[in-house]
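Have a look at the structure first, then read on.

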Amino acid sequence: MPIRVGVIGAGIMGADHIRNHATTIGGAEVTYVADIDAGRAVAAAPPAARITTDPSELINSSEVDAVVVASHDSTHAGLVLECFEAMTPVLCEKPMAPTLLETLEVVAADANIVAATGASLLSLGFMRRFDPGYVALRQSVQDRIQGEPLMVHCTSRNAVAGPGTTSESAITNSAIHELDIIPWLLDSPITEVSWQAGRSSRHADGGLQDPGRRRYLRTGARALPTHTACSCRPGYQPWPRENSRPWPARRTASMPRSWPRP
Ligand SMILES: NC(=O)c1ccc[n+]([C@@H]2O[C@H](COP(=O)([O-])OP(=O)(O)OC[C@H]3O[C@@H](n4cnc5c(N)ncnc54)[C@H](O)[C@@H]3O)[C@@H](O)[C@H]2O)c1
């Protein structure tokens, strides 16, 4: 029997997760979709899936084996903790939470579960770790193909800032990928972050300080300048909701045998 997946949040990413399950992921199917906007849930859900506007109903349903959280950043920590309560595995989109306090709460709850069961229930949507280009780059860093890395320069480009983007969320939502990927790439933690912003782009709305430049310090005092622009027009552009991705309709291998079935 396939793993029954419930998806919370049926916006751009939620719809992508649903489409991925339908076209490329073997051994799992989306059976439940929750969104506070019922119309979005209906539009994105597979025909036979249950629909709800209440994410708790989905999390606590006996018809859901695993959950994907793809709702707004501010909802992540609370929904993940609810999944932990239900002992249901959860893939949460990044960020785990937009605040340190919420993040620490989730980390502590996850540590308790690991201590009790030997396994975490949480995966995070930091997908760059699975991107073949990033994986090859990390391998070449580890193998010191170019020698000892002295500096990392990351550049992020979004064509248009999403509605409600603030200077803070440019970090917690967008630059969060770098906060994840730099320690992973260099195998050492970031120890200090500073932020600089010059004049904002005329495309940046509502006081958004964009573009911004950050400098991360890691153990060993290596300077890591990075640069993020959320509204620079040419740049990474999420695929429009109404278009389906031009992926071949093929399914991957099944879920690993080790996947904990209830
Ligand atoms: N991994 C990545 O690279 C990547 C890329 C883009 C977005 N994201 C993350 O994915 C998440 C969703 O982003 P998006 O671009 O799809 O946003 P979106 O605004 O298109 O969709 C969010 C959806 O969540 C729904 N929602 C909000 N609060 C809810 C709640 N309490 N319960 C149920 N549904 C709720 C909204 O109605 C909306 O349909 C965000 O956390 C974002 O940071 C990750």
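## Around the ligand

Which helix gives the largest share of the shell around the ligand? That's helix α1 (residues 12-23), with three residues. Helices here are DSSP runs of H or I with at least four residues, strands are runs of E with at least two, and both are numbered from the N terminus.

Keep in mind that this is a predicted model: local features need pLDDT of at least 70, side-chain atom pairs count only at pLDDT 80 or more, and totals for chains, interfaces and linings use all residues. Residues are numbered from 1 along each chain as its sequence is written.

There are 23 residues around the ligand, and G9, G11, M13, S71 and E93 come nearest. To count as near, a residue needs its C-beta atom, placed from the backbone, within 6 Å of the molecule. By type, the shell splits into nine nonpolar, eight polar and six charged residues. Ala, Val, Leu, Ile, Met, Phe, Trp, Tyr, Cys and Pro count as nonpolar, Asp, Glu, Lys and Arg as charged, and the others, Gly among them, as polar.

## The overall fold

The protein has seven helices and ten strands. Among contacts (C-beta atoms, placed from the backbone, within 7 Å) between residues at least 6 apart in sequence, 65% join residues at least 24 apart.

## A look at K94

K94 is in the loop between β5 (90-92) and α5 (100-117). Leaving aside neighbours within four places in sequence, K94 is in contact with L124, G125, F126, I176 and H177. K94 and M127 are 33 residues apart in sequence, and their C-alpha atoms are 9.0 Å apart in space.

How values were computed
Contact = placed C-beta atoms within 7 Å.
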